[in-house]
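Good morning, colleagues. Please look at the sequence and the model on the screen, and I shall take you through selected positions.

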Amino acid sequence: QEPLSRQELNIRLLTQSLVQEATNRVEFAADSIILTTTSTDLQKHAFRWKIETLNTIKTKSNFLKYDT
C-alpha cells in the first residue's frame, strides 16, 4: 500500500475533524434536550436521534478511513 499524498492526508484530517465536530454537536444538542424537557416522549426521541446519528456518523467515517 502506498503512502497517502499530502492532499489525501489533508482530506483525511479534515474529514476526521468534521466527524468529531458533528459528533460533539449532536451529543450536546441531544443531551440539552434530554436535560431540559420533562416530556418523556421527547427525551426518548432525543436519545434515539443521538444513538442513530452517532452510529451513522461512526459507520460512514469508518468507511471513509479505508476508502483510499
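Once neighbours within four places in sequence are set aside, Thr37 is in contact with Leu42 and Gln43, where contact means heavy atoms within 4.5 Å. Please bear in mind that this is a predicted model, in which local features need pLDDT of at least 70, side-chain atom pairs count only at pLDDT 80 or more, and totals for chains, interfaces and linings use all residues. Residues are numbered from 1 along each chain as its sequence is written, and side-chain values use heavy atoms, with hydrogens and water left out.

Where does Thr37 sit? Its place is the loop between α1 (6-36) and α2 (40-65); helices here are DSSP runs of H or I with at least four residues, numbered from the N terminus. Thr37 is buried, because its relative accessible area is 16%; buried means under 20%, exposed over 50%, and partly exposed in between, with a 1.4 Å probe and protein chains only. The side chain of Thr37 also reaches the backbone nitrogen of Ser39, at 3.1 Å.

Let us turn to helix α1. Its 31 residues should span 45 Å at 1.5 Å a residue, and its end C-alpha atoms are 45 Å apart, so the two values agree. The expected span is 1.5 Å times one less than the number of residues in the helix. Which residues of α1 are buried? They are Thr23, Val26, Ala30 and Ile34.

Leu9 lies in α1 and is partly exposed, with a relative accessible area of 40%. Together with Leu4 and Leu13, Leu9 makes a nonpolar surface patch of about 240 Å². Such patches are made of residues with over 30% relative accessible area and no salt bridge, with nonpolar side chains joined within 5 Å; a salt bridge is a side-chain nitrogen of Lys or Arg within 4 Å of a carboxyl oxygen of Asp or Glu. Areas come from the Shrake-Rupley method with a 1.4 Å probe.

Glu27 is likewise found in α1, and is partly exposed at 30% relative accessible area. Beyond its neighbours within four places in sequence, Glu27 is in contact with Lys50 and Leu54. The C-alpha atoms of Glu27 and Leu54 are separated by 8.1 Å, although these residues are 27 residues apart along the chain.

Finally, Asn62 belongs to helix α2. Asn62 counts as partly exposed because its relative accessibility is 30%. Its C-alpha atom is separated by 9.9 Å from that of Gln16, 46 residues apart along the chain.

How values were computed: Helices (H or I, at least four residues) and strands (E, at least two) are DSSP runs, numbered from the N terminus. A polar contact is a pair of N or O atoms within 3.5 Å; within protein, one must be able to donate a hydrogen and the other to accept it, and residues adjacent in sequence count only if both atoms are side-chain atoms. Patches are made of residues with over 30% relative accessible area and no salt bridge: like charges are joined within 9 Å, nonpolar side chains (Val, Leu, Ile, Met, Phe, Trp, Tyr) within 5 Å.
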